[in-house]
Amino acid sequence: MNIKIVTVGKIKEKYLKLGIDEFTKRLSKYCKLDIVELSDEKAPENLSEKEMDMIKDKEGKKILSHVKDTTYAIALAIDGKNLSSEDLADKLNSLSIMGKSNVTFIIGGSLGLSDEVLKRADFKLSFSKMTFPHQLMRLILLEQVYRSFRIIKGEPYHK
């Protein structure tokens with residue numbers, strides 16, 4: 001399976017980089033992983049709705065330029081569907097069985113994802129009703145994808 005993560009924003013914190021590197025290494029046993037890191041648009045504190053939408057649209061265009069028409073796109077969104085780790089494993093396994101071996105996860109910037117990106121998504125996935133920093137979300141996603149492959153393979157994992 002080919003897993004791509006298209007994400008807005010750079011990782012600056014060393015502890016996050018170490019975790020991301022660790023799960024990237026672990027995942028190499030199960031899939032081909034490609035992480036596309038896009039620069040975020042500058043967003044001052046007091047933005048109007050229109051300014052926020054403009055920034056999300058700019059970031060959205062960059063994101064969509066890395067999402068092929070043939071890939072199954074999963075957007076991380078607060079209003080998406082909540083899945084257990086087992087459910088995510090089932091989803092990835094089902095996609096593989098159906099011949100959809102190219103899966104792209106999309107993580108937006110600090111303002112979220114544009115409507116255009118959300119419309120392109122084949123599935124919207126929510127990890128929680130809480131908001132997480134996109135840098136931390138990348139680490140959490142990698143851990144859950146790794147856990148999914150362990151579940152699919154029937155290998156032990158921490159419950």
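Strand β3 and strand β5 (residues 123–126) run parallel, joined by 5 bridges. Strands count as paired here if DSSP finds at least two bridges between them, and helices (H or I, at least four residues) and strands (E, at least two) are DSSP runs, numbered from the N terminus. Within this pairing, Ala 75 sits opposite Lys 124 of β5.

A quick note on the source: this is a predicted model, where local features need pLDDT of at least 70 and side-chain atom pairs count only at pLDDT 80 or more, while totals for chains, interfaces and linings use all residues. Residues are numbered from 1 along each chain as its sequence is written, and side-chain values use heavy atoms, with hydrogens and water left out.

β3 (residues 72–82) also pairs with β4 (residues 102–107), again parallel, through 4 bridges. To get from β3 to β4 the chain passes through helix α3 (residues 85–97), and this β-α-β crossover is right-handed (with the strands pointing away from the viewer, the path from the first strand over the helix to the second runs clockwise). Ala 73 stands opposite Thr 104 in β4.

Now for the pockets. A pocket, on a 1 Å grid over the protein atoms alone, is an open set of points where a 1.4 Å probe fits, with protein on both sides within 12 Å along at least five of seven lines; lining residues have an atom within 4 Å of a point. Grid points are joined across faces, edges and corners, and the volume is the space filled by probe spheres set on the points.

| Pocket | Volume | Lining residues |
|---|---|---|
| Largest | about 470 Å³ | 23 residues |

In the largest pocket, Leu 76, Ala 77, Ile 78, Gly 112 and Thr 131 lie nearest the centre. β3, β5 and α5 (134–152) each supply at least two lining residues, and β3 gives the most, with 4. The lining splits into 13 nonpolar, 8 polar and 2 charged residues (Ala, Val, Leu, Ile, Met, Phe, Trp, Tyr, Cys and Pro are nonpolar, Asp, Glu, Lys and Arg charged, and the others, Gly among them, polar).

Last, His 134 belongs to α5. Its side chain reaches the backbone oxygen of Val 8 at 2.9 Å.

Notes. A polar contact is a pair of N or O atoms within 3.5 Å; within protein, one must be able to donate a hydrogen and the other to accept it, and residues adjacent in sequence count only if both atoms are side-chain atoms.
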